[in-house]
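Subject: Structure handover

Hello,

Please find the structure below, with notes on what was found in it. The notes can be read beside the sequence and the model.

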Amino acid sequence: MVEEDEMLRVLSYPRNRAILKLLNEEARAIHISKLAAQIVSQLPETRQTQTTEEVRISLHHRDLPKLDRAGLVKYNREENVATLDHFGSVEPEWLDMEFFGELLSRFQATDDTDIVGVVEGRQDVAQSAQKLVTKTDEELFIIIDDTEVFNKCFDSVHAATERDVDVTCGTRRAELRDTVRQRFEDVTIWDPQLDWMNRPSRNPRIARLIISDRNEVLLSLRDESGDSDTPTEFGILGEGEDNPMVVLVRELMGPRLDHLDYQSADFRSQLPF
Amino acid sequence: MAETPLTDGGFEDSRPDQSVIVFPLKEQGLTSHTVLRAVSEFTDTPILDLPPLVDTIEVDFLDEMFSPDTDGSTDFSFKYYDCLVTVTADTVRVSDANK
């Protein structure tokens, strides 16, 4: 099982995030020579202190074995090639309330932009969600796992489309996807191609993930396994482009958001062939 | 192994053959990389064919403990790839761990 602490530490280094991003874009095994060259060309901080050869050595002797240990990458030490370990292996760690507490404690507020807010209770989370949807100007990415929750957001999402906001909606529930298709013409439906939402019968699960203009994020979990009749919901909120919570979600979701273009009918219709 | 940057003439256990090699720690570059170059040369193995150093020792610890900024007055030894590696304030010394 992946050590949460290890994963969190590993993700806090820009170079590790760059490695994950490059591996994610490639979707095939990459040799460390190619990886080193790409890192040097993409990270000015690295370029200033290390040559490509030195980066290659660090990749083999430090970075990739550590990412492997954290469960994020598979590194073949004999062939010197690395692949992304399926993000699914990360997912159970995210669905852990204690992990959230740990995550929050790491974000020590140095100024206002670093503050990560906590919202507890379903009603408060719903209110925050609505606020976030309402203030979105350009792009709204919304994942919702629950029909009731979805219906509550319905009006504000509708209003967002009226404001010409680019809305992408994802849900693991097929019937919700159909509803969205019928009611909104302009909303892009995101059919999850990776199974990170679809782990069966695991509590708590992600109830909603809302990314507004890529600079505000609300992520909430719901635990239905408890003794109480009503499921508890627990959300964290990050505001601002440099907010650590926003940065983290954007780093993890960024490539997926960009790949959405390939799924949209609009994109396909613009292809030359 | 025609070129050895520094032979370890001053120590009691030094031998005339290649039983010990010593690399100076440079101002620039990571201590862990100097360790790797020394072991690579000592064992005549390409650096990338050596098993990842981080599987043996915490590389960050090595780089932080023995950097130009720190006053690394304590010597530190560990076994890696059948070698005995000793890091001092300004050198990396590699010898056969089985001798």
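Asp82(B) is exposed, because 11 other C-beta atoms lie within 10 Å. The cut-offs are these: a residue is buried if 20 or more other C-beta atoms lie within 10 Å of its own, exposed if 12 or fewer, and partly exposed in between, with C-beta atoms placed from the backbone. Asp82(B) sits in the loop between strand E2 (76–80) and strand E3 (83–87) of chain B. Helices (H or I, at least four residues) and strands (E, at least two) are DSSP runs, numbered from the N terminus. The phi angle of Asp82(B) is near 60°, a positive value in a residue other than glycine.

Some conventions before going on. This is a predicted model, in which local features need pLDDT of at least 70 and side-chain atom pairs count only at pLDDT 80 or more, while totals for chains, interfaces and linings use all residues. Residues are numbered from 1 along each chain as its sequence is written, and chains are lettered from A and ligands numbered from 1 in the order in which they are written.

**Chain B**

Chain B has two helices and four strands, and along the sequence they follow the pattern β-α-α-β-β-β. Of its 99 residues, 27% are buried. Two residues are in contact if their C-beta atoms, placed from the backbone, lie within 7 Å. Among the contacts in chain B between residues at least 6 apart in sequence, 45% join residues at least 24 apart.

Asn98(B) belongs to the segment after strand E4 (91–96) of chain B. Asn98(B) counts as exposed because it has 8 C-beta neighbours inside 10 Å.

**Chain A**

Chain A comes to 12 helices and 10 strands. Buried residues make up 31% of its 273 residues. Among its contacts between residues at least 6 apart in sequence, 59% join residues at least 24 apart.

How confident is the predictor in chain A? The mean pLDDT (the predictor's confidence in each residue, from 0 to 100) is 76, and 72% of the residues of chain A reach 70 or more. Over residues 88–95 of chain A the pLDDT is below 50, though this stretch has 22 contacts in the model beyond near neighbours in sequence. Where pLDDT is low, the predicted coordinates should not be read in detail.

Asp164(A) is in the loop between helix H9 (147–162) and strand E6 (166–170) of chain A. Its phi is near 65°, a positive value in a residue other than glycine. Asp164(A) is exposed, because 10 other C-beta atoms lie within 10 Å.

Val119(A) lies in strand E4 (residues 116–120) of chain A. With 19 other C-beta atoms within 10 Å, Val119(A) is partly exposed. Leaving aside neighbours within four places in sequence, Val119(A) is in contact with Asp124(A), Val125(A), Ser128(A), Gly235(A) and Leu237(A). Of these, Leu237(A) is 118 residues from Val119(A) in sequence and 7.4 Å from it in space, C-alpha to C-alpha.

Two packed helices are described by the angle between their axes and the distance between the axes. Axes are lines fitted to C-alpha atoms, for helices over the stretch in contact, and angles run from 0 to 180 degrees between N-to-C directions.

The axes of helix H2 (residues 14–26) and helix H3 (residues 32–42) of chain A come within 11 Å and cross at roughly 120°. H2(A) and H3(A) are therefore oblique to each other; angles under 35 degrees count as roughly parallel, over 145 as roughly antiparallel, 65 to 115 as roughly perpendicular and the rest as oblique. On the H2(A) side, Arg15(A), Ala18(A), Ile19(A) and Leu22(A) meet Leu35(A), Gln38(A), Ile39(A) and Gln42(A) in H3(A). By class, this contact has five nonpolar, two polar and one charged residues. Ala, Val, Leu, Ile, Met, Phe, Trp, Tyr, Cys and Pro count as nonpolar, Asp, Glu, Lys and Arg as charged, and the others, Gly among them, as polar.

**Where the chains meet**

In total, 10 residues of chain A are in contact with 11 residues of chain B. The side of chain A that touches chain B has two nonpolar, three polar and five charged residues.

Regards
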